[in-house]
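Please read it with the sequence and the model side by side.

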Amino acid sequence: MTKKLSKSSLLLTQEELQKHILGMTLFNDLLARAVLEDKEACEHILRVLTGIKTLVIKKNKTQYVISKLSSHSIIMDVLAEDANNKLYEIEIQKADGGIAHEKRMLYYASTIINEYFFKGDQTYASVPELHIFYISQTDIWKLGKTCYPILKFLGDTNTPYNDGLHMCYINAEVNDNSSIAQLMQYFATADAGDFSQGKLSQCINNLKTTKEGLATMDNFSKQIYEAGINDGRAEGKAEGKAESIKNLMSTMNVSIDQAMDILKTPPEEHQYFKDLLAKEQ
């Protein structure tokens with residue numbers, strides 16, 4: 001039986017929160033968000049993914065939104081800029097979900113480039129160099145590889161074509177014993193006692209076992225809670241409330257009943273939302 005939230009609190013109690021956090025992996029939105037905000041942890045991840053051991057992050061933004069009035073806005077897990085003004089975007093995909101992954105990557109790339117391109121540049125020299133890493137739990141291409149870099153060549157020659165856009169699919173399902181595969185295995189466990197990933201491991205250990213780290217996670221959970229409440233009120237529709245319930249389930253790693261309790265969903269509406277979300281599976 002799923003444990004209910006404490007009726008004395010709208011949010012998880014400290015004990016419940018710590019229990020949830022200890023079991024979280026980096027495929028959980030809440031933990032990933034907290035980790036990617038840590039510049040040194042984010043830097044470690046990018047150094048492994050790019051193979052550039054000297055890569056230095058100048059700035060990183062998590063849950064960064066690029067709003068589009070005439071089309072779909074995007075929310076990035078993290079967008080980082082290095083000392084050479086190159087951009088790096090990491091997307092962490094928990095489940096397949098019927099998404100057209102290659103189209104999503106293309107849309108994200110075009111939106112980011114459009115946002116950071118200097119509109120008055122008639123030579124297009126200011127189009128930024130962009131690296132996108134699409135990390136998934138499963139091997140979405142089912143070809144038995146950990147990494148799938150997108151390679152570009154001129155015609156049928158071996159001459160590389162470099163337009164500044166670099167994409168790579170990475171998964172935690174296939175372990176080829178490479179440094180990236182080892183990082184992905186760590187993503188899938190995020191064990192607080194595993195210090196194999198340098199600054200990333202230190203960050204995870206801090207978030208999961210120290211008072212300061214738990215306070216950080218608690219703060220993130222409260223932000224998500226408030227966002228869920230506000231989104232539900234703003235939408236004023238069942239679809240908006242259902243989306244808020246799904247977001248809380250994902251980011252806080254709670255059950256549907258716990259998410260509905262957090263959002264103060266009337267008991268008589270619980271079954272309705274369970275049925276509604278079940279149809280989306």
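Helices (H or I, at least four residues) and strands (E, at least two) are taken as DSSP runs and numbered from the N terminus. By this rule the protein chain has 10 helices and 6 strands. The model is a predicted one, in which local features need pLDDT of at least 70 and side-chain atom pairs count only at pLDDT 80 or more, while totals for chains, interfaces and linings use all residues. Residues are numbered from 1 along each chain as its sequence is written, and side-chain values use heavy atoms, with hydrogens and water left out.

**Interior**

Residues are called buried under 20% relative accessible area, exposed over 50% and partly exposed in between, with a 1.4 Å probe and protein chains only; 44% of the 281 residues of the protein chain are buried. A nonpolar core is a set of buried Ala, Val, Leu, Ile, Met, Phe, Trp, Tyr and Cys residues joined through side-chain atoms within 4.5 Å. The largest such core holds 53 residues, and Leu-26, Leu-31, Val-35, Leu-46, Leu-49, Phe-187 and Leu-200 touch the most other members. With contact meaning heavy atoms within 4.5 Å, Phe-187 reaches, beyond its neighbours within four places in sequence, Thr-25, Leu-26, Phe-27, Ile-45, Ile-92, Ile-135 and Leu-200. A second, separate core has 18 residues, including Ile-74, Leu-79, Ile-140 and Met-167.

**Enclosed space**

On a 1 Å grid over the protein atoms alone, a cavity is a set of points where a 1.4 Å probe fits but cannot get out, and lining residues have an atom within 4 Å of a point. Grid points are joined across faces, edges and corners, and a volume is the space filled by probe spheres set on the points. There are 2 cavities of 30 Å³ or more.

| Cavity | Volume | Largest contributor to lining |
|---|---|---|
| Largest | about 40 Å³ | α2 (residues 29-37), 4 residues |

The lining of the largest cavity consists of Asp-29, Ala-32, Arg-33, Leu-36, Gln-63 and Asp-77. Ser-136, Trp-141 and Tyr-169 are among the residues that line the second largest cavity.

**Cysteines**

A disulfide is a pair of cysteine sulfur atoms within 2.5 Å, and the count comes to 0 disulfides. Cys-168 is buried, with a relative accessible area of 11%, but its sulfur is 4.9 Å from the closest cysteine sulfur, in Cys-147, which is too far for a bond. Cys-42 is also buried, at 0% relative accessibility.

Conventions. 1 Å grid on protein atoms, 1.4 Å probe; cavity = no way out; pocket = protein on both sides within 12 Å on 5 of 7 lines; lining within 4 Å.
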